[in-house]
Amino acid sequence: MKKTVLMAAALATMLLGSSVEGWAAKLVARIDVSSQTMTVRYGQAVYRWRVSTARKGYITPRGTYRPQRTARMWYSRKYDMSPMPHSVFYRGGYAIHGTGAVKSLGRPASHGCVRLHPANAAAFYSMVRQAGFRNTRIVVTN
């Protein structure tokens, strides 16, 4: 009985002593398709980057996701082996990745992926790898 009470007290202390942040994602990327921006919150740091999402005739799927896989360098077999540096795949073949077409950032230009400046893609890729897939949330909204 005494052991059970001690175990219950220890569990309650762990649960009550942990912050709400401990239960939520530590890394959150919010992609706003209407403003063509991505806001990243990682701990106390906040970043806001220009992106390119789907151009006319294509879609960038809306919703809340967790990363499925990452690739330091990926080549799109669907789109003529186009390079996708620092890819974070979040829904099938859709990913957040770097692009060489930095002049297009800030307006729709992709086949559906979320394109970033290569330096920002590398930073985000690093954050995802550090935080882990379970602690990362990707939110795509209008």
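Strand β2 (residues 37-42) pairs with β3 in the antiparallel sense over six bridges, where strands are DSSP runs of E with at least two residues, helices are runs of H or I with at least four residues, and both are numbered from the N terminus; two strands count as paired if DSSP finds at least two bridges between them. Within this pairing, T37 stands opposite R50 in β3. The structure is a predicted model, in which local features need pLDDT of at least 70 and side-chain atom pairs count only at pLDDT 80 or more, while totals for chains, interfaces and linings use all residues. Residues are numbered from 1 along each chain as its sequence is written, and side-chain values use heavy atoms, with hydrogens and water left out.

**Sheet and helix**

- β2 belongs to an open sheet of five strands with mixed pairing, in the order β3-β2-β1-β9-β4, and its edge strands, β3 (45-50) and β4 (63-65), each pair on one side only.
- From one strand to the next the twist averages 15 degrees.
- Helix α2 (residues 118-131) packs on this sheet and touches β1 (27-32), β2, β3 and β9 (136-141), with its direction at about 35 degrees to that of β2; contact means heavy atoms within 4.5 Å, and axes are lines fitted to C-alpha atoms, for helices over the stretch in contact, with angles from 0 to 180 degrees between N-to-C directions.
- β1 runs antiparallel to β2, joined by six bridges, and the two form a hairpin with four residues between them, where Q36 in the turn has a positive phi of about 55 degrees.
- β1 also pairs with β9, in the parallel sense and over six bridges, and A29 has V40 as its bridge partner in β2 while standing opposite I138 in β9.

**Nonpolar cores**

- The largest nonpolar core has 22 residues, of which I31, M38, V40, I96, L116, F124 and I138 touch the most other members; such a core is a set of buried Ala, Val, Leu, Ile, Met, Phe, Trp, Tyr and Cys residues joined through side-chain atoms within 4.5 Å.
- Two or more residues of this core come from each of β1, β2, β6 (82-91), β8 (114-116), α2 and β9, and α2 gives the most, with six residues.
- Apart from this core lies another, of five residues, among them A71, F89, A95 and C113.
- Beyond its neighbours within four places in sequence, I31 is in contact with residues including T37, M38, I96, I138 and V140.

**Aromatic pairs**

- The structure holds three aromatic pairs, defined for rings of Phe, Tyr and Trp (its six-membered ring) with centres within 6.5 Å, and classed as stacked with planes under 30 degrees apart, edge-to-face over 60 and tilted for the rest.
- The rings of Y65 and Y90 are a tilted pair, because their centres are 5.2 Å apart and their planes stand at 50 degrees.
- Y65 lies in β4 and Y90 in β6, so this pair ties together parts 25 residues apart in sequence; both Y65 and Y90 are buried.
- W74 and F89 have ring centres 5.7 Å apart and planes at 80 degrees, so they form an edge-to-face pair, which links W74 in strand β5 (residues 69-76) with F89 in β6, 15 residues apart.
- W74, at 24% relative accessibility, counts as partly exposed, whereas F89, at 1%, counts as buried (buried means under 20% relative accessible area, exposed over 50% and partly exposed in between, with a 1.4 Å probe and protein chains only).

**Confidence**

- The protein chain has a mean pLDDT of 88, with 82% of its residues at 70 or more, pLDDT being the predictor's confidence in each residue, from 0 to 100.
- Over residues 2-23 pLDDT stays under 50, and for this stretch the model has three contacts beyond four places in sequence.
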